[in-house]
Amino acid sequence: MHRLLLIRHCESAGQQPEAALTETGVRQAEALAGFLSRFAIDRVAASPYRRARESIAPFATAAGLPVHADDRLVEQRLAAGPVEHWREAVRTSCGDPDFRLPGGESAGEVLDRGWPALEGLLEGGHRLPVAVTHGKFLSVVLNAVGRDFGYAQWQSLSNPDVFALRDDGGGGLTYERVWPGGQAERRAGAS
């Protein structure tokens, strides 16, 4: 049984907090709403970034659920300013949880900030909560669950993307990619 759905936002016009969805992203959000309608979702939390809120809005409206903004679900900040070779920074960050550029966050710091938000959803007595977030944030969480979600898996993420967290039967969690736009994967590990 699914315990939590982690959702990566739809295609956006940029990386800034107020970047809106593109026209393609708006269509993706409608498709996402249709996909999510088959689940018994009863709680929606989202990064306050506009692209995350707009990605879940069609579903939340149709389901009659409020979207609870949670600052702890925002994207990993790579640095204080623009990063010329940002893909290389992401690659390094995927392999080293303590790596951080000046003014940025390490993957470990993202997990320290974000995991309590997910624990609150997992332990909040909901049938099936969702957390709408961002690619690097999602990668950090899935790496903590499965230890094998790295740079190549980050590159394979789609907009949107949906992963289900489940109990592994031994006190930890597993994840499964459930979005039909991606290949189904199963990974197990510590929570």
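Biologist: Let's start with the largest pocket: which residues lie nearest its centre?

Modeller: First, a heads-up: this is a predicted model, where local features need pLDDT of at least 70 and side-chain atom pairs count only at pLDDT 80 or more, while totals for chains, interfaces and linings use all residues. Residues are numbered from 1 along each chain as its sequence is written, and side-chain values use heavy atoms, with hydrogens and water left out. On a 1 Å grid over the protein atoms alone, a pocket is an open set of points where a 1.4 Å probe fits, with protein on both sides within 12 Å along at least five of seven lines, and lining residues have an atom within 4 Å of a point. The largest pocket has 21 lining residues, and those nearest its centre are Gln15, Arg51, Glu75, Gln76 and Leu78.

Biologist: How does the lining of the largest pocket divide into nonpolar, polar and charged?

Modeller: Ala, Val, Leu, Ile, Met, Phe, Trp, Tyr, Cys and Pro count as nonpolar, Asp, Glu, Lys and Arg as charged, and the others, Gly among them, as polar. Helix H3 (86–95) and helix H5 (135–146) each give at least two residues to this lining. Sorted by class, the lining of the largest pocket has ten nonpolar, six polar and five charged residues.

Biologist: And the second largest pocket: which element gives the largest share of its lining?

Modeller: This pocket has 15 lining residues, with Cys94, Pro97, Ala107, Val140 and Asn143 nearest its centre. H3, helix H4 (107–122) and H5 each supply at least two lining residues; helices here are DSSP runs (H or I, at least four residues) and strands are too (E, at least two), numbered from the N terminus. The largest share, five residues, is from H5.

Biologist: Which residues does Leu118 touch, leaving aside its neighbours within four places in sequence?

Modeller: Contact means heavy atoms within 4.5 Å. With those neighbours set aside, Leu118 is in contact with Leu4, Leu6, Leu73, Ala131 and Val141.

Biologist: On to the rings. What kind of aromatic pair do Trp86 and Trp154 form?

Modeller: Rings of Phe, Tyr and Trp (its six-membered ring) pair if their centres lie within 6.5 Å; planes under 30 degrees apart count as stacked, over 60 as edge-to-face and the rest as tilted. Trp86 and Trp154 are 6.1 Å apart centre to centre with 85° between the planes, so they are edge-to-face.

Biologist: Is Trp154 buried or exposed?

Modeller: Buried means under 20% relative accessible area, exposed over 50%, and partly exposed in between (1.4 Å probe, protein chains only). Trp154 has a relative accessible area of 11%, so Trp154 is buried.

Biologist: Last one: which residues do ring pairs link into a cluster?

Modeller: Seven aromatic pairs turn up in a search of the whole structure. Ring pairs join three residues into a cluster: Phe35, Phe39 and Trp179.
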